[in-house]
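The exercises below concern aromatic pairs, helix faces and nonpolar cores. Please work through each task on the displayed model before reading its solution.

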Amino acid sequence: MERLTSVCVYCGSGFGGDPAFAEAARTLGQALGREGIRLVYGGGNVGLMGTVAQATLDAGGQVTGIIPDFLKSRERMLDAIQETVVVSDMHTRKKLMFDRADAFVALPGGIGTLEELVEQMTWAQLGQHAKPILLLSVNGFWDPLITLLDHMRGHGFIREGLDLNYLVGTDPAAAVEQLRGALARAEPAPQSDALIAKRF
């Protein structure tokens, strides 16, 4: 069984319209910090990104921020984190975030969060990794995406044998245990299709 040592969190650089989003980011960060799990994230100190990072730090955790050079001034880097990696472009950022993480969590966010999440789902579908992917559907935020995925499946675009591997949760305090459970069920082979889509 692989150990969960680091989690990449995708989330918005804004707070969104529901205070529950920031509270979920705070709760997730606290859980990561308490459990000694390194947070890997986009490096900014604004919105949900800044909230999850600061909460991880406040709980005694370790944080790695990965940010492209052109976003340094726009998203304002969080100086208190232990490691900041500045890269040349978004592609390098996403690859490095993938390399540094044992699992992925998607909090609410915008088109950038969606793009990062769907890329990891695609890579998993194509057998490039078996790292757990958790959609934290705070107050139903990701429900429309889940409905769309079911729609695609119903029309035959997500076929048997190429199904999507993801977890769905609503409680950020339970996220760590969900990810650990998924790792425990996963096959060790990196090309494995072992993770099965589950709804929690």
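The following exercises treat a predicted model.

**Exercise 1.** Classify the geometry of the ring pair F98 and W123, and state which helices it ties together.

*Solution.* Begin with the count: the model contains 5 aromatic pairs. In the pair of F98 and W123, the ring centres are 5.3 Å apart and the planes stand at 85°. Planes over 60 degrees apart count as edge-to-face, so the pair of F98 and W123 is edge-to-face. Next, locate the partners: F98 belongs to helix α4 (residues 90-100) and W123 to helix α5 (residues 111-125), so the pair ties together parts that are 25 residues apart in sequence.

**Exercise 2.** Decide whether F98, W123, F141 and W142 are buried or partly exposed.

*Solution.* The cut-off needed is that buried means under 20% relative accessible area. F98 has a value of 12% and is buried, whereas W123, with 24%, is partly exposed. F141 and W142 also form an edge-to-face aromatic pair, with 4.9 Å centre to centre and 90° between the planes. Here F141 is partly exposed at 27%, and W142 is buried at 4%.

**Exercise 3.** Determine how the buried residues of α4 are arranged around its axis, and which side chain reaches a backbone nitrogen at its start.

*Solution.* First list the buried residues of α4: R93, K94, M97 and F98. These residues cover an arc of only 130° around the axis, which puts them on the same side of α4. Then turn to the start of α4, where a side-chain oxygen of D89 comes to within 3.2 Å of the backbone nitrogen of H91.

**Exercise 4.** Describe the largest nonpolar core and identify the element that gives the most to this core.

*Solution.* The largest nonpolar core has 34 residues, and V9 and L28 have the most contacts inside it. Elements that each supply at least two residues of this core include β1 (6-10), β2 (38-41), α2 (47-58) and α7 (175-185). The greatest contribution, 7 residues, comes from α1. Leaving aside neighbours within four places in sequence, L28 is in contact with V9, V52, V105, L107, L136, P172 and A175. A second, separate core has 24 residues, among them F98, A101, I133 and L135. As general background, nonpolar side chains tend to be buried together in soluble globular proteins.

Definitions and conventions:
Residues are numbered from 1 along each chain as its sequence is written. This is a predicted model: local features need pLDDT of at least 70, side-chain atom pairs count only at pLDDT 80 or more; totals for chains, interfaces and linings use all residues. Side-chain values use heavy atoms; hydrogens and water are left out. Rings of Phe, Tyr and Trp (its six-membered ring) pair if their centres lie within 6.5 Å; planes under 30 degrees apart count as stacked, over 60 as edge-to-face and the rest as tilted. Helices (H or I, at least four residues) and strands (E, at least two) are DSSP runs, numbered from the N terminus. Buried means under 20% relative accessible area, exposed over 50%, partly exposed in between (1.4 Å probe, protein chains only). The arc is that of the directions from the helix axis to the C-beta atoms. A polar contact is a pair of N or O atoms within 3.5 Å; within protein, one must be able to donate a hydrogen and the other to accept it, and residues adjacent in sequence count only if both atoms are side-chain atoms. A nonpolar core is a set of buried Ala, Val, Leu, Ile, Met, Phe, Trp, Tyr and Cys residues joined through side-chain atoms within 4.5 Å. Contact means heavy atoms within 4.5 Å.
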